[in-house]
Amino acid sequence: MTRIADLLATGRTFSFEFSPPKSADGSMSLGRTIAELEPLAPSFVSVTYGAGGSTREHTRDTVLWVQRETSIPPMAHLTCVGHTRAEIADIIATYVDAGIVNVLALAGDPPKNPADARPSDYTYATDLIEHLREISDLCIGVAAHPEGHPRSPDLATDRRLLAEKMKVSDFATTQFFFDIEHYVSLVNDLADLGVDTPVIPGIMPVTNIGQVERMAELSGAAFPDWLRARLEAGTSPEHVRQIGVEAATQLCAQLLEAGAPGLHFYTLNKSTATREIYAQLGLPVA
Ligand code: FAD
C-alpha cells in the first residue's frame, strides 16, 4: 500500500485531482482523461467529495475504480459536513478493505440551502482527523489556504490553526494561488510555528477568465491584475487557454526552484493543460 507520506519522504510528488463523474458519459470521459495522464506516471490522484451529499457514492466508486483498474494510488477526499462518526467509519472500512490508505480530511462547505444540511458529528477538519486516527492507520492529508481561509478572522489566526492541524496530519495540499509569494510566506510562517510537514502547492491552470473569477471568489484566492491583463490580451479562447497554461508553467517552475515537495494539479477532469505544463517543464513522460 503506497502512503503519500512515504513518497514525499523519498522525493517530489506529481499528482492530479479529479471530481467524481455523475453520469455514464462523465465516467467514460474521466476514464479517458486518466488513461491520457497515466503515462505521466503520477505519484497519486485525488478524488473530491461533494460535501453537500451529491457525489458521495460517486467519490467512493471512483476511488475504488482507480485503485482496481490503474497503477496509480488514489487519495479519497472526506468532509466533516453532514457526516456522523458511524458513516465515516463505514466509508473508511470500505477503503481499507480495498487497500486504500490515503485520505484528505476536510471541513467541507455547508450546503448553499440550509434546508439541505444533514447532522454532523464534526465541526473542523481536526475533529475528523482525531476520529480517523482512532479507527485506522491512514496517511492523512489536509487543506492549506495560502491566502487564508475565507472564514478565518485574520491570516495570523488561520496560520496558527493550520499549524495545529498540520501537527496531527502527514502533509497538506494547498488551495490554488497565482503568486509564488503566497506559497513561500505560508511555508515560512508554518516553519516559524514549528511545522515542517510537507505542503504540496495546488496548481490551477487557467483556461478561461470567467471560470477563475468564480473559483477565486469561492476559495478566497486572489485573481491578480497582472494575470487578468495577460489573459485579456488573448485574441481567441484558444489563445487565452495557452496564456493560462504558460502562466501556470511559470508558477510551477518557480515552485520547483523554491523547493516545493511536489505539484498537485487541479485538472477539472481534463488532461490537456496538465500534459502541456508537463511538456513545457520538461518533466519525464513514460
Ligand atoms: P478547517 O481546517 O476545519 O478550517 C475551516 C475554518 O475553521 C478556517 O477558517 C480555520 O481557521 C477555522 N478553524 C479550524 N479549526 C478551528 C478551531 N478549533 N476553532 C476555531 N476555528 C477553527 N471541499 C469539499 O467539499 N470537497 C472536497 O473534495 C474538497 N477538496 C479540497 C481540496 C483542497 C486541496 C482544498 C484546499 C480545499 C478543498 N475543499 C473541498 C474545500 C474545503 O472543504 C473548504 O475550503 C472548507 O471551507 C475548509 O476546509 P478545511 O479542511 O481547510 O477546514
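This note goes through the fold, the cavities and selected residues of a predicted model.

1. Basis. In this predicted model, local features need pLDDT of at least 70 and side-chain atom pairs count only at pLDDT 80 or more, while totals for chains, interfaces and linings use all residues. Residues are numbered from 1 along each chain as its sequence is written, and side-chain values use heavy atoms, with hydrogens and water left out.

2. Overall dimensions. Along the principal axes, the C-alpha atoms fill a box of roughly 55 × 45 × 45 Å.

3. Secondary structure and contacts. The protein chain holds eleven helices and eight strands; these are DSSP runs numbered from the N terminus, with helices (H or I) of at least four residues and strands (E) of at least two. Contact means heavy atoms within 4.5 Å. Of the contacts between residues at least 6 apart in sequence, 79% join residues at least 24 apart.

4. Surface. The accessible surface of the protein chain is about 13,100 Å², and 52% of that belongs to carbon and sulfur atoms. Areas come from the Shrake-Rupley method with a 1.4 Å probe, and for residues only the protein chains shown count as cover. Of the 286 residues, 50% count as buried. Buried means under 20% relative accessible area, exposed over 50%, and partly exposed in between (1.4 Å probe, protein chains only).

5. Cavity search. Two cavities of 30 Å³ or more are found in the whole structure. A cavity is a set of points, on a 1 Å grid over the protein atoms alone, where a 1.4 Å probe fits but cannot get out; lining residues have an atom within 4 Å of a point. Grid points are joined across faces, edges and corners, and a volume is the space filled by probe spheres set on the points.

6. Largest cavity. This cavity contains about 70 Å³ of space. Its lining consists of Phe 177, Phe 178, Ile 203, Met 204, Val 206, Trp 226, Leu 227, Gly 244, Ala 247, Ala 248 and Leu 251. Helix H9 (225–232) and helix H10 (237–257) are the elements that give two or more residues to this lining, and H10 gives the most, with four. By class, the lining has ten nonpolar residues, one polar and no charged. Ala, Val, Leu, Ile, Met, Phe, Trp, Tyr, Cys and Pro count as nonpolar, Asp, Glu, Lys and Arg as charged, and the others, Gly among them, as polar.

7. Second largest cavity. The volume here is about 30 Å³. The lining is made up of His 145, Pro 146, Glu 147, Gly 148, Gln 175, Phe 176, Ser 219, Gly 220 and Ala 221. Three of these lining residues are nonpolar, five polar and one charged.

8. Positive phi. Ala 41, a residue other than glycine, has phi near 50°. Ala 41 sits in the loop between helix H2 (24–37) and strand S2 (44–47) and counts as exposed, because its relative accessibility is 54%. Leu 268 also is not a glycine and has a positive phi of about 50°. The loop of Leu 268 runs between strand S8 (262–266) and helix H11 (272–281); with a relative accessible area of 38%, Leu 268 is partly exposed.

9. Val 63. This residue belongs to helix H3 (residues 56–69) and is buried, because its relative accessibility is 0%. Beyond its neighbours within four places in sequence, Val 63 contacts Val 47, Pro 74, Ala 76, Tyr 95 and Ile 100. Pro 74 is eleven residues away along the chain, with 6.0 Å between the C-alpha atoms.

10. Pro 261. The loop between H10 and S8 holds Pro 261, which counts as buried at 18% relative accessibility. Not counting residues up to four places away in sequence, Pro 261 touches Leu 8, Gly 11, Arg 12, Thr 13, Tyr 183, Pro 198, Val 199 and Ile 200.

11. Asp 137. The loop between helix H5 (125–135) and strand S5 (139–144) contains Asp 137, and this residue counts as exposed at 59% relative accessibility. Asp 137 and His 149 are twelve residues apart in sequence and 28 Å apart, C-alpha to C-alpha.

How values were computed
On a 1 Å grid over the protein atoms alone, a cavity is a set of points where a 1.4 Å probe fits but cannot get out, and a pocket is an open set with protein on both sides within 12 Å along at least five of seven lines; lining residues have an atom within 4 Å of a point.
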